[in-house]
Amino acid sequence: FVSPEHHPHIDLLLKNATHQDERPVAELLLKRLDGSVFHAELIYRRLTPDEGPPVIHIAMTDVSERKQV
């Protein structure tokens, strides 16, 4: 679940990812199903396969401990 205050960030992230071939990084505050909140780092990249439409590959890492330091 993406916190409402981060919805604009997700929109921008997805718009940028559809036009970039590099690997940008974004940090967001996300909510787990149990309601707890955590800081997540997203690394994303647009991939263009030989056949079919482009896809966006997103890797997410919980960086809560790093943010608390």
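Predicted model: local features only at pLDDT ≥ 70, side-chain atom pairs only at ≥ 80, totals over all residues.

Visitor: Fine. What order do the strands of the sheet come in, and is the pairing parallel or antiparallel?

Guide: The order is β1-β2-β3, in an open sheet of 3 strands, and the pairing is antiparallel.

Visitor: Which strands stand at the edges?

Guide: β1 (25-31) and β3 (55-62). Each has a single partner strand, so one side of each is left without a neighbour in the sheet.

Visitor: By how many degrees are neighbouring strands turned against each other?

Guide: On average 35°, with direction ignored.

Visitor: What holds strands together in general?

Guide: Strands of a sheet pair through backbone hydrogen bonds, in a parallel or an antiparallel way.

Visitor: Back to this one. How many bridges are there between β1 and β2?

Guide: There are 7, in the antiparallel sense, with β2 covering residues 37-47. Lys-31, for example, has Val-37 in β2 as its bridge partner.

Visitor: Zooming out, what is the pattern along the sequence?

Guide: It reads α-β-β-β-α, with 2 helices and 3 strands in the chain.

Visitor: How much of the chain is buried?

Guide: Buried residues make up 25% of its 69 residues. The accessible surface comes to about 5,200 Å², and carbon and sulfur atoms account for 54% of that.

Visitor: Which residues make up the largest nonpolar core?

Guide: Leu-28, Leu-30, Phe-38, Ala-40 and Leu-42, 5 residues in total. β1 and β2 are the elements that give two or more residues to this core, and β2 has the largest share with 3 residues.

Visitor: What does the Glu-41 side chain pair with?

Guide: The side chain of Arg-66, through a polar contact of 3.1 Å.

Visitor: And which residues does Glu-41 touch?

Guide: Leaving out residues up to four places away in sequence, Glu-41 touches Val-25, Ala-26, Glu-27, Ala-59, Met-60, Thr-61, Val-63 and Arg-66.

Visitor: Let's take Val-63 from there. Where is it?

Guide: Val-63 is in the loop between β3 and α2, and it is buried at 7% relative accessible area. Its C-alpha is 6.3 Å from that of Glu-41, though the two are 22 residues apart in sequence. With residues up to four places away again left out, Val-63 touches His-39, Ala-40 and Glu-41.

Visitor: What about Ala-26, buried or exposed?

Guide: Buried, at 18%. Ala-26 belongs to strand β1, and its C-alpha lies 5.1 Å from that of Leu-42, with 16 residues of separation in sequence.

Visitor: Last one, Ser-64. Which helix is it in?

Guide: Helix α2, residues 64-68. Ser-64 counts as buried at 14% relative accessibility.

Visitor: What does its side chain reach?

Guide: The Ser-64 side chain reaches the backbone nitrogen of His-39 at 3.1 Å. There is also a polar contact of 2.7 Å between the side chains of Ser-64 and Asp-62. Not counting residues up to four places away in sequence, Ser-64 touches Phe-38 and His-39.

How values were computed. Residues numbered from 1 in each chain as written. Heavy atoms only, no water. Pairing = 2+ DSSP bridges. Helix = DSSP H or I, 4+ residues; strand = E, 2+ residues; numbered from the N terminus. Axes fitted to C-alpha atoms, helices over the stretch in contact; angles between N-to-C directions. Core = buried A, V, L, I, M, F, W, Y, C linked by side-chain atoms within 4.5 Å. Buried < 20%, exposed > 50% of the residue type's maximum accessible area, 1.4 Å probe, protein only. Polar contact = N/O pair within 3.5 Å; in protein donor to acceptor, adjacent residues only side chain to side chain. Contact = heavy atoms within 4.5 Å. Areas by Shrake-Rupley, 256 points an atom, 1.4 Å probe, with all protein chains shown as cover.
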